[in-house]
Amino acid sequence: MRAARDAFGRVYGTQHPRYAQGLSNVGVVLIERGEFTDALVELEKARQVFGATLREDHPRRMLNESNVAVALALLERNTEALEIRERVLELQRTKLGDEHPDVLSSMGNLAMLYRAMGRTDDAEALLRDTLELRRTVSGPDHPDTLVVLENLGGTLYREGDYAGSLEYTGEVLEARMRVLGEAHRDVAKTTYNMGMIAKSMRDPDLARNYFETALERFRGSIGEESPEGADCLLQLGYVAEAVDDHVAAKKHYGRALEIRRALGPDDLTTADILYRSMVTAFELEEWDQAIVFGEQRAPMYEDLVGPDHLVTLAS
């Protein structure tokens, strides 16, 4: 990408839109690599050239502006990102109309930025508007419609409206099952999300049903020996603990730990499983095993979060 950018600069000069497009392309690749600061440098350079050569509402210029907003948000510079997102959406609506796919994408992106900034009421309102338009323009089962529906469910979850979150996430699940079939990773992920909502609703029976179903669907799509499979087993352990079924919790935590250790390297989820395993062993009066789990957990926290972290000190 950098070679193509430099070639455009040599051929067209560094004040030409094609050179700016090369800069923008490099910026996008750097975002995908997680190099957000370097990405912003390239995108800002493109922004200057586009600003000097193209109309404010030109599609290439607006796309680069959107990418600048992405980089800023990833760098947690949300206020700057918000100003760009709102201005781009206004330009797009004026030029393209409310039902254009680019406008709908910008609406969804702005809503998620609102949510990241804690403006969940604004996010919810904009997502509801976006959902209505998406259903009309793209259809109720289109992947883009389902993303908006899922984001609305997630926003309601953050607001503490678990019943509403369960309803909308359930619509996503039903649509994905119709389109993709049960043995698909995305269906399994959505089923898992339903379990997390039910868990927050303090409905262990419903949560267990979703987590068991999600685990079965992960087995049929990517296999149980995966991070997702281990996460399902961890949640099944939590649910078992909630109803004082410590024998079942021990079984689920043990299998989750086995998978995590096979996948490696150790992470905070592995440490959490060790902690829950330790607590469960104490509940079952398996004192020696509890001590073993505790001894394994303490140095893991020290390596992951540092010796002075509260979690490390508590362990």
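Predicted model: local features only at pLDDT ≥ 70, side-chain atom pairs only at ≥ 80, totals over all residues.
Residues are numbered from 1 along each chain as its sequence is written, and side-chain values use heavy atoms, with hydrogens and water left out. Local features need pLDDT of at least 70 and side-chain atom pairs count only at pLDDT 80 or more, whereas totals for chains, interfaces and linings use all residues.

Helices (DSSP runs of H or I, at least four residues) are numbered from the N terminus. The axes (lines fitted to C-alpha atoms over the stretch in contact) of H4 (residues 59-74) and H5 (residues 78-96) come within 8 Å and cross at roughly 155°. H4 is therefore roughly antiparallel to H5, a term applied to angles over 145 degrees. The crossing of the two helices is left-handed, that is, the near helix is turned anticlockwise from the far one by less than a right angle. Residues in contact (heavy atoms within 4.5 Å) include Met62, Val68 and Leu72 of H4 and Ile84, Val88 and Leu91 of H5.

Helix H12 (residues 227-242) has 16 residues and spans 23 Å from its first C-alpha to its last, close to the 22 Å expected at 1.5 Å a residue, where the expected span is 1.5 Å times one less than the number of residues. Of these 16 residues, 12 are buried (under 20% relative accessible area, 1.4 Å probe, protein chains only); among them are Cys232, Leu233, Leu234 and Glu241. The cover over the buried residues of H12 includes helices H10 (185-200), H11 (204-221), H13 (246-263) and H14 (268-283). H12 is followed by Asp244, with a positive phi near 65°.

How values were computed. Axes fitted to C-alpha atoms, helices over the stretch in contact; angles between N-to-C directions. Parallel < 35°, antiparallel > 145°, perpendicular 65-115°, else oblique. Buried < 20%, exposed > 50% of the residue type's maximum accessible area, 1.4 Å probe, protein only.
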